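Welcome, and please take a moment to look over the sequence and the fold. The notes that follow walk through spaces, a ligand site, strands and a loop.

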Amino acid sequence: MKVPDKKGKRFPEIADGKSHSADGRFYKEEVQLASRNRGMPLEALRYAVTPVGMHYLLSHFDIPDVHAETWQLTVNGLVANPIALSLDEIIKRPAVTQTITMECAGNGRALLEPRYVSQPWFTEALGTAEWTGTPLRRILTEVRVDAEAVEIVFTGLDQGVEDDEVHYYQRSLTVEDAMREEVLLVYAMNGEPLQPQHGYPLRLVLPGWYGMGNVKWLSRIEAVAAPFKGHYMEKAYRYTQTEDEQGEPVTLMKVRALMVPPGIPDWQTRQRLVKAGPVKLMGRAWAGRSSVTSVEVSMDTGITWLPAELEPQTLGYAWQAWSFSWRAECGRHVLCVRATDAENNTQPINQAWNFQGMGNNMVQRVDVLVESSPA
Ligand SMILES: Nc1nc2c(c(=O)[nH]1)N[C@H]1C(S)=C(S)[C@@H](COP(=O)(O)O)O[C@H]1N2
Ligand SMILES: [Mo]
């Protein structure tokens, strides 16, 4: 849907009308988004499965008002047998439960300079849940996707304005990616029906991908003959150097490790106060469809690295726990952690910048003050 009057902008520009880029102080619009879309407090890295109320959230528009009694999922387009399924019919189908780590592609955006004016994540846009659903592949096989179909389009029920145009939240996958066996249509999270903010009654979950592909409040699945050109495929979720460049699409999660910040925080700055002596550092690491093969920590801002202990990957798409026994000495330290995956990708110490602030996996830094008796 296009704006009828192309002369005027529908809404005033953010960031003083310059562009979507900002330096320094945060805009009111960013704070407003941050209050709607919570992050996972990093101390929740303690849990192998994130409690639902601590899992991060990212919703572009309003949480739609959906009633399971009237809701249906339609599967149509270039298919031999289009169908409409009720929630009960979906729940009766073969069920799979998988522990899956999910991270927003914009995680780390607020650390970039300049930064894209959007949801201002630091490093907390993640979570791991036990997602239960039915494999998408079986449904696509039943409806018989035509040979001419090249993509499958997923439409959510939420609508809003972005870049002066009205959109539904829509994403597509190649038929090949949609047919992968791990792709699920999910109706439960940690054993409970999806909560409204996580996509009730049904969402897509794409293990290994950044979060944007996991379309919530799913209402329609359509097989199409040409690559889908919606806003969230063609404009958003791209690696670009400028506002206008097309760039490359954002896809799988890059390798990353994070730690539970040790000690106790300063209320406002979140700087850490730690008691001198033995300190157990711990956290988790993940790498899209790959696995993490090593985690290292540094106590001198990345000059020297020491190997951490890493739990082997037991659950296909879930993060792996790591730990390190540190003997904390009095003074100020910047603790860092970095992971390497099975393809030998290692996290960068400084982030390579991109316009939308996508796919940041720079090394985490935790500013710590160690004292002999902090109390
Ligand atoms: N319908 C719909 N699906 C959506 C979104 C959205 O705004 N609308 N946000 C996407 C983005 S950017 C992310 S990171 C994940 C977040 O999922 P969560 O809120 O359950 O953590 O949902 C994705 N699915
Ligand atoms: Mo996201």
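## Cavities, ligand and strands

The largest cavity has a volume of about 230 Å³. Its lining is made up of 19 residues, and those closest to the centre of this cavity are Leu58, Arg203, Gly211, Asn214 and Lys216. Sorted by class, the lining of the largest cavity holds ten nonpolar, six polar and three charged residues. Please keep in mind that this is a predicted model.

How many cavities of 30 Å³ or more are there? The count comes to two. Among the residues that line the second largest cavity are Thr101, Met253, Trp286, Gln313, Tyr317 and Trp319. By class, this second lining has six nonpolar and five polar residues, with no charged ones.

Let us turn to the open spaces. The second largest pocket contains about 860 Å³. It is lined by 24 residues, of which Leu42, Phe122, Thr123, Arg270 and Arg365 are closest to the centre of the pocket. Strand β24 (residues 364-371) gives the largest share of that lining, with four residues. Eleven nonpolar, six polar and seven charged residues make up the lining of the second largest pocket.

Now for the ligand. Which residues come nearest to ligand 1? Of the 18 residues around ligand 1, the nearest are His60, Asp158, His198, Arg203 and Lys216. Arg203 and Lys216 are also among the residues closest to the centre of the largest cavity.

| Residue | Atom in residue | Atom in ligand 1 | Distance |
|---|---|---|---|
| His60 | side-chain N or O atom | oxygen atom | 2.7 Å |
| Arg203 | polar side-chain atom | oxygen atom | 2.7 Å |
| Asn214 | backbone N or O atom | nitrogen atom | 3.0 Å |

Four of them form an open sheet in the order β15-β18-β22-β21, with antiparallel pairing. At the edges sit β15 (256-259) and β21 (309-310), each of which pairs on one side only. Within this sheet, β18 (residues 277-286) and β22 (residues 320-328) are paired in the antiparallel sense over nine bridges. One place to look is Pro278, whose bridge partner in β22 is Arg327.

Strand β19 (residues 292-298) is mostly covered, with five of its seven residues buried. What does β19 pair with over six bridges? Its partner there is strand β23 (residues 331-341), in the antiparallel sense, and Ser294 stands opposite Thr340 in β23. Strand β20 (residues 306-307) is joined to β19 by two bridges, and these two strands run antiparallel. In that pairing, Glu296 has Pro307 in β20 as its bridge partner.

Finally, a stop at a loop. Asp244 is found between β13 (238-239) and β14 (248-249). Is Asp244 buried or exposed? Because its relative accessible area is 72%, and exposed residues are those over 50%, Asp244 counts as exposed. Asp244 and Leu136 are 108 residues apart in sequence, and their C-alpha atoms are 35 Å apart in space.

Conventions: Residues are numbered from 1 along each chain as its sequence is written. Chains are lettered from A and ligands numbered from 1 in the order in which they are written. This is a predicted model: local features need pLDDT of at least 70, side-chain atom pairs count only at pLDDT 80 or more; totals for chains, interfaces and linings use all residues. Side-chain values use heavy atoms; hydrogens and water are left out. On a 1 Å grid over the protein atoms alone, a cavity is a set of points where a 1.4 Å probe fits but cannot get out, and a pocket is an open set with protein on both sides within 12 Å along at least five of seven lines; lining residues have an atom within 4 Å of a point. Grid points are joined across faces, edges and corners, and a volume is the space filled by probe spheres set on the points. Ala, Val, Leu, Ile, Met, Phe, Trp, Tyr, Cys and Pro count as nonpolar, Asp, Glu, Lys and Arg as charged, and the others, Gly among them, as polar. Two strands pair if DSSP finds at least two bridges between them. Buried means under 20% relative accessible area, exposed over 50%, partly exposed in between (1.4 Å probe, protein chains only). A residue is near a molecule or strand if one of its heavy atoms lies within 4 Å of it. A polar contact is a pair of N or O atoms within 3.5 Å; within protein, one must be able to donate a hydrogen and the other to accept it, and residues adjacent in sequence count only if both atoms are side-chain atoms.
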